[in-house]
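Subject: Structure for you to look at

Hello,

Here is the structure I said I would pass on. Please open it next to this email and follow along.

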Amino acid sequence: MPTLALIATGGTIAGSGPQHHYTAGVLDASVLLAAVPELAALAAWQVEQPFSIDSRDMQPAHWLDLAARIRQLQVDPSVDGIVITHGTDTLEETAFALHLLVETTKPVVLTAAMRPASARSADGPLNLLHAACTALDPLAALHGVLVTADASVIHAADLLKAHTHKTDALRCIEGRGLAGQIMADTVRWQTAAPQRLGLPELLALSAGVQLPRVDVLSAHAGASADLIDFCVTAGARGLVLALTGHGSIPADWRTALDRARSAGVQVVRASRISAGGVWPGCNEDDEACGCIAAGPHTPQQARVLLMLALAALPDITRSRLAGLFSPD
Ligand code: ASP
């Protein structure tokens, strides 16, 4: 029988209480496993619960801890695959961080739930079963870090939480294809894995490394530029701008952004619009304004990439960063 490692980190999948007033992350991992009797027939389970939190409280240090543990399990010959339970709120950040931080020589599958375990029609048990089926699929490791929810399998780099309460909240960023769908506990693979950066310096980032502060600032009518100065004074090494449209910088922000760049802060132009991305030279002259276009990344993904890149390569130039965000 294969062995799967279960790393439980909390979230609604381990939540209990009334549907819209429950507490996330209160149930032990063994309770999640016991809720799905088929799981014991599929695999032997090696269970660990390094922390149990509502994922709104997830910290960048947790990404590094999880990546370090996954790397250990990847070389442990007694483990065949890794399943991680997590809250949905920041799952796209953790999934993207793990996509950048680990190579999958064995399957790595994250899963979550929108309804607490105590709810009528809780979605966690089936999502967990589907995560196990995916982690046992011989093709899963070729797809990099994966996420299963609502019978869909999604590449970690393509994940977006796109609904506040429905059980199909975890979806692909528009324009990306599902990695696969699960039917009768079997993955029907559909789309090849997205290109990985595979930067050795990122793969070497270890637990405990201090990640630099990177803030996300959202543009809107009348958005005030003094927040830019505040972030720089507070120690930000990077700013991700969730701008309007195709990454247009408000006229009022330009002087403060010039000050930020003079202070050595890297500035990424992303969009508050969830589809289409922000591409170099579109709507702004990135060379002239000293910005980096986010490429296909959402603001939250751009922040993860910028934090990890600045930690792994502290002297990285703006042009090399631009190449990481919009690879050819
Ligand atoms: N607040 C919860 C969490 O992210 C939401 C969920 O898991 O669906 O932990």
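In which helix does Gln 301 lie? Gln 301 belongs to helix α10, which covers residues 299-312. Before you go on, note that this is a predicted model.

Stay with Gln 301 for a moment. Is Gln 301 buried or exposed? Gln 301 is buried, because its relative accessible area is 2% and the cut-off for buried is under 20%. Its side chain also makes a link to another part of the chain. The side chain of Gln 301 reaches the backbone oxygen of Ala 157, at 2.8 Å.

Next, the ligand.

Which residues surround the ligand? They are Gly 11, Thr 12, Asp 54, Ser 55, Gly 87, Thr 88, Asp 89 and Ala 113. Sort this shell by class and you get one nonpolar, five polar and two charged residues. The ligand sits in the second largest pocket.

Now look at single contacts. Take the side chain of Ser 55: one of its N or O atoms is 2.5 Å from an oxygen atom of the ligand. Thr 88 also uses its side chain, with an N or O atom 2.5 Å from an oxygen atom of the ligand. Ala 113 uses its backbone: an N or O atom there lies 3.0 Å from an oxygen atom of the ligand. How much of the ligand does the protein bury? Taken alone, the ligand exposes 260 Å², and the protein buries 93% of that.

Check the phi angles here. Most residues other than glycine have a negative phi. Asp 150 is not a glycine, yet its phi is positive, at about 55°. Ala 151 is not a glycine either, and its phi is positive at about 65°. How accessible are these two? Asp 150 counts as partly exposed, because its relative accessibility is 38%. Ala 151 has a relative accessible area of 26%, so Ala 151 is partly exposed. Partly exposed runs between the buried cut-off, under 20%, and the exposed cut-off, over 50%.

Ala 234 is in the loop between α7 (226-233) and β12 (238-243). With 34% relative accessibility, Ala 234 counts as partly exposed. Pair Ala 234 with Arg 213: they are 21 residues apart along the chain, and their C-alpha atoms are separated by 8.8 Å.

Leu 324 is in helix α11, residues 318-325. Leu 324 counts as buried, because its relative accessibility is 9%. Pair Leu 324 with Ala 309. These two are 15 residues apart along the chain, with 8.8 Å between their C-alpha atoms.

Ser 248 lies in the loop between β12 and α8 (254-262). Its relative accessible area is 26%, so Ser 248 is partly exposed. How far is Ser 248 from Leu 205, C-alpha to C-alpha? The separation is 33 Å, and the two residues are 43 residues apart along the chain.

Start with the ligand, then work through the loops.

Best wishes

Methods. Residues are numbered from 1 along each chain as its sequence is written. This is a predicted model: local features need pLDDT of at least 70, side-chain atom pairs count only at pLDDT 80 or more; totals for chains, interfaces and linings use all residues. Side-chain values use heavy atoms; hydrogens and water are left out. A residue is near a molecule or strand if one of its heavy atoms lies within 4 Å of it. A polar contact is a pair of N or O atoms within 3.5 Å; within protein, one must be able to donate a hydrogen and the other to accept it, and residues adjacent in sequence count only if both atoms are side-chain atoms. Accessible areas come from the Shrake-Rupley method with a 1.4 Å probe; for residues, only the protein chains shown count as cover. On a 1 Å grid over the protein atoms alone, a cavity is a set of points where a 1.4 Å probe fits but cannot get out, and a pocket is an open set with protein on both sides within 12 Å along at least five of seven lines; lining residues have an atom within 4 Å of a point. A molecule sits in a cavity or pocket if more than half of its atoms lie within 2 Å of its grid points. Ala, Val, Leu, Ile, Met, Phe, Trp, Tyr, Cys and Pro count as nonpolar, Asp, Glu, Lys and Arg as charged, and the others, Gly among them, as polar. Helices (H or I, at least four residues) and strands (E, at least two) are DSSP runs, numbered from the N terminus. Buried means under 20% relative accessible area, exposed over 50%, partly exposed in between (1.4 Å probe, protein chains only).
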